[in-house]
Amino acid sequence: MITRARCFQSALLTLLCVLLISGCVVNPVTGEKQLSLISESQERAMGAQQYVPTQQTQGGKYYADPELTRYVSRVGQKLAAVSDRPDLPYEFVVLNNGVPNAWALPSGKIAVNRGLLTELDNEAQLAAVLGHEITHAAARHSVQQMQQGMIINAGMAGLGMALTDNEYARMIMGGAALGSQVVMARHSQSDELEADHYGTLYMVKAGYDPEAAVELQRTFVRLSEGQSSGFIDGLFASHPPSARRVEANQALVQKLGNPGGALDRATYQNKIAYLQQHLPAYKAEQEAIQSYKAGNKQRALDRINEAIRIEPKEASFYALRGRLYEDLKGSGSAQARSDYDKAVSLYPEMFTYRLQRGLNALQLNNLQRARQDLNAANESVPTSIAYLRLGDIAVKQNQRQQAIADYSQAASADGEIAAEAQRKLAALKSAQ
Ligand SMILES: [Zn+2]
């Protein structure tokens, strides 16, 4: 149904499109005319550049069971193939993040937190989540939000759940911060309804029972009613559930004639079995973080040792234990160093582990190791702290130009780190 307001809007848009010919496109999903200031090649570049940094600022990859990511990708690609933009470079990843959430960056770069996978019952529900995210990407919802300046103030909330995440969150620089802001921004109710609508159509085309989408929505509404902050911060912040969404989905399924289809519960349960079995390890990690924050470092050590006993492949556990050993035994602790080595060897690209090991090496005056790790951290996700300490290393090595370059980078950020870099930069320049 086209209302008068909508009609007027459409006429206005047509006029704008005439004025701004190059900026006007037809939305590939809805067929509606839209003003587009961000081209498709910019959209693709944004997705490609932001995907890895955004994964890392949201907890990093869940790599302990690589088959789980392969499985989620297979289901995702099946849906992407029947979507309105099958040609986008879709990718899917499972993140090591206990908050129930999923997100899509422009051009189909999609992630699902392990904390959401453990809330789902069957493959059709997973398909509902992925179909929804595919629509956000295909219909350019985030691109439109960006264009309207709705992203900028979203802040860096909702990072992963490790101890270091909140410490480093404010230090993340430039482009690497943008991806996080995009995925944490709240979608409007009309974008949510659209993502549900087309996501459901893609599910049906791929052979899944669309009733699973309705059931999932019902569960989310129920969970959001009396719920833990994890839910509020995660899925419900960026994709707010509502009774209206449930009703709209239900009406659509009826309109489609209740087509039925696959649920694939057994397959799904089988694929998440490893994750389910190892959940106590992540629970122990959270207990260790809480104990650490409460000042009970001995209990924190006990809990993280328990986490490592259950899941010895998880890098974040070693990173946390390294931090504990540093606190309990000093920077020179051999146990701390060995834990940082282990974390980096398990997940070499993860910026937080490189930062922790690099900062520790600098404390011990191992300048070469420190520089190597801090540069590696910056390659994944640039931070003001890494640039500041790289500047300090350059000063120690009498590399004045390098020090000026590194301090200048750090000085361009905000906060205390930038202030320290500005002081050091001024001192360096006046000493000439
Ligand atoms: Zn959504």
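Reply: Ask about the labels one by one, and keep in mind that this is a predicted model.

Me: What makes up the chain, in helices and strands?

Reply: The chain has 23 helices and five strands. Of its 432 residues, 49% are buried. Among contacts with a separation of 6 or more, 66% join residues 24 or more positions apart.

Me: Why is Asp 121 called partly exposed?

Reply: Count its neighbours. Buried needs 20 or more other C-beta atoms within 10 Å, and exposed means 12 or fewer. Asp 121 has 16 inside 10 Å, so it counts as partly exposed.

Me: Where does Asp 121 lie?

Reply: In the loop between helix 4 (114–117) and helix 5 (123–138). Leu 216 is 95 residues away along the chain, yet the two C-alpha atoms are separated by 8.9 Å.

Me: What makes helix 5 "mostly covered"?

Reply: The burial count does: 16 of its 16 residues are buried. As for its span, helix 5 reaches 21 Å from first C-alpha to last, close to the 22 Å expected at 1.5 Å a residue. After helix 5 comes Arg 140, with a positive phi near 60°.

Me: How do you know which strands are at the edge of the open sheet?

Reply: Look at the order, which is 3-5-4, with mixed pairing. Strand 3 (91–95) and strand 4 (102–105) each pair on one side only, and they are the edge strands. Neighbouring strands in this sheet are turned by 20° against each other on average, direction ignored. Helix 3 (residues 66–81) packs on the sheet and touches strand 3 and strand 5. The direction of helix 3 makes about 140° with that of strand 3.

Me: What makes the pairing of the three strands "mixed"?

Reply: Compare the two pairs. Strand 3 and strand 5 run parallel, joined by five bridges. Strand 4 and strand 5 (residues 109–113) run antiparallel, joined by four bridges. At least two bridges are needed for a pair, and each of these counts meets that cut-off.

Me: Why is strand 5 called largely enclosed?

Reply: Five of its five residues are buried, so the rest of the structure largely encloses strand 5. Both faces are covered. Lys 109, Ala 111 and Asn 113 are buried on one side, Ile 110 and Val 112 on the other.

Me: How do you know the span of helix 23 is close to the expected one?

Reply: Helix 23 (residues 415–430) has 16 residues. From first C-alpha to last it reaches 23 Å, against 22 Å expected at 1.5 Å a residue.

Me: What are the buried residues of helix 23, and why are they said to line one face?

Reply: They are Ile 417, Ala 418, Ala 421 and Lys 424. Viewed down the axis of helix 23, these fall within an arc of 130°, so they line one face. In an α-helix, residues three or four places apart point the same way, because there are 3.6 residues a turn. Helix 21 (384–396) and helix 22 (400–411) are included in what covers the buried residues of helix 23. The face turned away carries the exposed residues Gly 415, Arg 423, Ala 426, Ala 427 and Ser 430.

Note on methods. Residues numbered from 1 in each chain as written. Predicted model: local features only at pLDDT ≥ 70, side-chain atom pairs only at ≥ 80, totals over all residues. Helix = DSSP H or I, 4+ residues; strand = E, 2+ residues; numbered from the N terminus. Expected span 1.5 Å × (residues − 1). Arc of directions from axis to C-beta. Contact = placed C-beta atoms within 7 Å. Axes fitted to C-alpha atoms, helices over the stretch in contact; angles between N-to-C directions.
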